[in-house]
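Please read it next to the sequence and the coordinates.

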Protein chains: 2
Amino acid sequence: MQTTASEVRQAALEEFASSGYLGATIQAIADRAGVSKASVLYHYASKETLLDAALGPAIDEIATLLPGTLARARTPEEQRVFLVEFVDLLIRHRLAAQIFITQSGTLADLPIVVRAQDMIRRIAEDRPERDIDDIVRSAVALGGAAYLLAQTPRTGALAPDESVLRDSLVRILGELLAPAVV
Amino acid sequence: MQTTASEVRQAALEEFASSGYLGATIQAIADRAGVSKASVLYHYASKETLLDAALGPAIDEIATLLPGTLARARTPEEQRVFLVEFVDLLIRHRLAAQIFITQSGTLADLPIVVRAQDMIRRIAEDRPERDIDDIVRSAVALGGAAYLLAQTPRTGALAPDESVLRDSLVRILGELLAPAVV
DNA sequence: TCAGTTCCTGACCGATCGGTCAGCTACGTT
DNA sequence: AACGTAGCTGACCGATCGGTCAGGAACTGA
């Protein structure tokens, strides 16, 4: 069984993703979780605390897993391992990635968003001496993958099996990043 | 000299892009344009009308220019023409593209957003019999390009000359879309 | 049984925001 | 000069939302 706190956190994640942080109301999150608005604010002191709780796990996991695998990606096989892990992380934390990609610009003053931006920048800076094409490739790959995952739950028409999408995404990002590996 | 109406429209475009539609206040748009809040509402009946005015020109131009060039793109040279036009449209309407890509999900009930989504879907459907990789390639290219353009004004660090970015983007999207042409 | 604690709630408050309105100013027309 | 109209504004209103608070229910331990 889920605790109320974790149910509220999941409801907040879904609501923030579908309505945006500003568009999401605490009442709507409470309704989705099946509790009262005051109960939401009992478990999480504020709306911003709720966003922290919703995004935190994803940021933590990405920050701890990705850099290691990326640093180790020297051979083509290791690069494929990195790509698979990257895509799986993106799929596993699809909602969090969607929130971050689509709203980090407008929420740039929130500490949790700054933390996520710092993490991405640190990972990117780990790979020096890159030309403009490499930078563009990385940005297109990151933004494109997140955009695709953000769209698929809506446009059910072109939403195939999850694993098919995953494999294709690994393939396409591989084509994109092969010359430089992110 | 600019009319007040067009100055307000431009201010709204910038404010919607930087703060988001929900985060943008009519007062902030008025301040940016150097007029009063009541004056904004004199020229545009509502906040939603203002969004229509801000996004409309971009949607109109893309809808009238893109399909023709895309339909004609049979040879590699014609494909390059299409890519250049696509990237230039994206750059010229960078703010509108940024608003649409990052907020079309949370604003899916607004008529202007529905219109833009229909336009993109219609362009995409013009090219039948595509496999999963082609679909993923197109989505990554579209979302990635928009994400890159949305980021660059902020992270001035990696913002080179505009034309350098443009040429690189044409190159990278060319690599991505070459097998299928969007 | 009783006290303490956790979990939860309805009612309420202050602030903000979209939108309205009466009225002011400036200018063109007759 | 008199009038109409376009452009613009400050003041105001109703609604919504984030957050507070006093208190009730259920459980635990002594």
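**Surroundings of A:Leu95**

Not counting residues up to four places away in sequence, A:Leu95 touches A:Leu13, A:Glu14 and A:Ala17. The model is predicted. A:Leu95 itself belongs to helix α6 of chain A, which covers residues 94-103.

- A:Leu95 has a relative accessible area of 24% and is therefore partly exposed, since buried means under 20% and exposed over 50%.
- Between A:Leu95 and A:Ala139, 44 residues apart along the chain, the C-alpha separation is 19 Å.

**Nonpolar core**

- The largest nonpolar core contains 124 residues.
- The residues with the most contacts inside this core are A:Phe16 and B:Phe16.
- With neighbours within four places in sequence left aside, A:Phe16 is in contact with A:Tyr21, A:Ala24, A:Ile29, A:Lys47, A:Leu50, A:Leu51, A:Ala54, A:Ile99 and A:Gln103.
- As background, nonpolar side chains tend to be buried together in soluble globular proteins.

**Packing of α4 and α5 in chain A**

- Helix α4 (residues 47-71) and helix α5 (residues 76-92) of chain A have axes 9 Å apart, at an angle of about 165°.
- Because angles over 145 degrees count as roughly antiparallel, α4(A) is roughly antiparallel to α5(A).
- The crossing of α4(A) and α5(A) is left-handed.
- On the α4(A) side, the contact involves A:Glu61, A:Ile62, A:Leu65, A:Leu66, A:Thr69 and A:Leu70.
- On the α5(A) side, these meet A:Val81, A:Phe82, A:Glu85, A:Phe86, A:Leu89 and A:Arg92.
- The contact of α4(A) with α5(A) comprises eight nonpolar, one polar and three charged residues.

- α9(A) and α8(B) cross in a right-handed sense.
- From α9(A), the contact is made by A:Val164, A:Leu165, A:Ser168, A:Leu169, A:Arg171, A:Ile172, A:Glu175 and A:Leu176.
- From α8(B), the contributors are B:Ile132, B:Asp133, B:Val136, B:Arg137 and B:Val140.
- Sorted by class, the residues of the contact of α9(A) with α8(B) are eight nonpolar, one polar and four charged.

- B:Thr69 sits in helix α4 of chain B, residues 47-72.
- The relative accessibility of B:Thr69 is 10%, so B:Thr69 counts as buried.
- Not counting residues up to four places away in sequence, B:Thr69 touches B:Val81, B:Phe82 and B:Glu85.
- B:Arg80 is part of helix α5 of chain B, residues 76-92.
- With a relative accessible area of 52%, B:Arg80 is exposed.
- B:Arg80 and B:Arg166 are 86 residues apart in sequence, and their C-alpha atoms are 13 Å apart in space.
- B:Ala5 is in helix α1 of chain B, residues 4-19.
- B:Ala5 is partly exposed, at 24% relative accessible area.
- Leaving aside neighbours within four places in sequence, B:Ala5 is in contact with B:His43 and B:Tyr44.
- B:Ala5 and B:Arg80 are 75 residues apart along the chain, with their C-alpha atoms separated by 37 Å.

Terms used: Residues numbered from 1 in each chain as written. Chains lettered and ligands numbered in written order. Predicted model: local features only at pLDDT ≥ 70, side-chain atom pairs only at ≥ 80, totals over all residues. Heavy atoms only, no water. Left-handed = near helix turned anticlockwise from the far one by under 90°. Helix = DSSP H or I, 4+ residues; strand = E, 2+ residues; numbered from the N terminus. Contact = heavy atoms within 4.5 Å. Nonpolar A, V, L, I, M, F, W, Y, C, P; charged D, E, K, R; others polar. Core = buried A, V, L, I, M, F, W, Y, C linked by side-chain atoms within 4.5 Å. Buried < 20%, exposed > 50% of the residue type's maximum accessible area, 1.4 Å probe, protein only. Axes fitted to C-alpha atoms, helices over the stretch in contact; angles between N-to-C directions. Parallel < 35°, antiparallel > 145°, perpendicular 65-115°, else oblique.
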